[in-house]
Amino acid sequence: MNNRLRLVLLTSAMALTSCANNGDNSTGVVSIKEGIIPTFTTQRNLTEYQKADFTGMSEFITNSIKGVDRIHNKANYAFSPVSYYDSLGLLSQLSEYDGEKLYSDLGHESNEKLLSTLKNLRKGLNFDQSKENSLYRARLASALSVLKSSKIELSKEVKDIIQDLELGLLFHGDSKEEEKQVKWLKEATFDLYNSNEPVISGNDDTLLGFISTLSYSYTYAFSKNTVEFNGKSVEGFIEETSSLYYSDEVLRAVSISLKNEKLVFFVPNEGKTFDLSSISSTLEKMKESFVRISAPYFDIDNQLDLNEVTKTDLGIDYIYTKSALSKVSSSASAVSKIEQKTTFSLSSNGIQASSTTAIKVPVAPGEVEYIDVNVDKPFYFSLIDSAGLPLFVGHVSNI
């Protein structure tokens, strides 16, 4: 074995596929990049998911959204607080920080309570391992076989958590098909794990990764129109519909109903600033109204460094200085980096969105009067799921 690279990934993959609500009731399928889990299905336990209690996530979601916006609001960005939360939840389940309680910073009284929330997420947002998962099983077997000869040994407790949360174990290392493996690695992690990084190449150290991937797909034939945004004409849609709407002296908010979710535009009024901590309270104030909404199409593809948000806005700085992964490996270091790769596209064909958060840990070893709502200036947007969670939040300042 030439010790070029050893990389073990604990992966969580969640996906939602919504069908068009214009008469097409077929079941859609969304596929994350090959290598995480090959196939995904629609929500499998929607009723139970909608009844689940996600209040423990509220403060984390608010603070993380505000932190990302503080850094990036002068430009377009897209961010998934749910993917971010899930990755830190995986880290908490497999760590023991002396004097620090990561589960508490994630809004729970214990790791058991946090585990319950992570399980609830999977009731509405998860993949189906029963179909075409031979690739997943093969890579899981490969990872486990290599782990036996590496510095990482999985205890029964860790294996139980992996089973409870339906995680995938992926391994990338010495292989006769090195070029193919590298290509898969980069695609599977949206380039967040790059084999050229010095930290994971050139020695026989192992890099442990906690990865949470969330994907969303919604197919719908939106209209193709020319709309105004920031004083210029751009491509977008105009739709007359009955929808949730709210306005006050600070902003106008309007939603587009999808299948079980809704896409909400928050458009601050001239000279006003939208307080991102008021997303939930604004949603509660929205009432059904007849609206004529015009909004631009947009496509965002960004990579966010979440280290500052984690340390400053969430106060979770100790994970960067303390090693606490003895459950997984006695040689594990502290967290070195947290990044998120997110894409969000609204087009005439519908919505496509995906987000991968990666935590890197080096291991040594009638006559209707319509209300005109024009999304014609910089705005925030959020994709709200049926449980009220903001799966994606973003800002658009230019098209």
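**Confidence.** I am working from a predicted model, so I checked the pLDDT before anything else. The chain has a mean pLDDT of 74, and 66% of its residues reach 70 or more. Among the elements, I found the highest mean, 95, in helix α10 (residues 307–313), and the lowest, 49, in helix α6 (residues 134–148). I flagged residues 127–140, where the pLDDT is below 50; beyond near neighbours in sequence, this stretch has 29 contacts in the model. I also flagged residues 172–178, again with pLDDT below 50, and noted 17 contacts there beyond near neighbours in sequence.

**Core.** Next I looked up the largest nonpolar core, which holds 95 residues. Which members touch the most others? They are Leu88, Leu91, Phe265, Ile319 and Phe344. Helix α3 (residues 81–93) gives this core its largest share, six residues. I then followed Ile319 and set aside its neighbours within four places in sequence: its contacts are Leu88, Leu91, Tyr97, Thr310, Ala334, Val335 and Ile338.

**A loop residue.** My last stop was Met57, in the loop between α1 (46–51) and α2 (58–72). Is Met57 buried or exposed? I noted Met57 as buried, because its relative accessibility is 0%. Not counting residues up to four places away in sequence, Met57 touches Tyr85, Thr117, Leu121 and Leu389.

Notes:
Residues numbered from 1 in each chain as written. Predicted model: local features only at pLDDT ≥ 70, side-chain atom pairs only at ≥ 80, totals over all residues. Heavy atoms only, no water. Core = buried A, V, L, I, M, F, W, Y, C linked by side-chain atoms within 4.5 Å. Buried < 20%, exposed > 50% of the residue type's maximum accessible area, 1.4 Å probe, protein only. Helix = DSSP H or I, 4+ residues; strand = E, 2+ residues; numbered from the N terminus. Contact = heavy atoms within 4.5 Å. pLDDT = per-residue confidence, 0-100.
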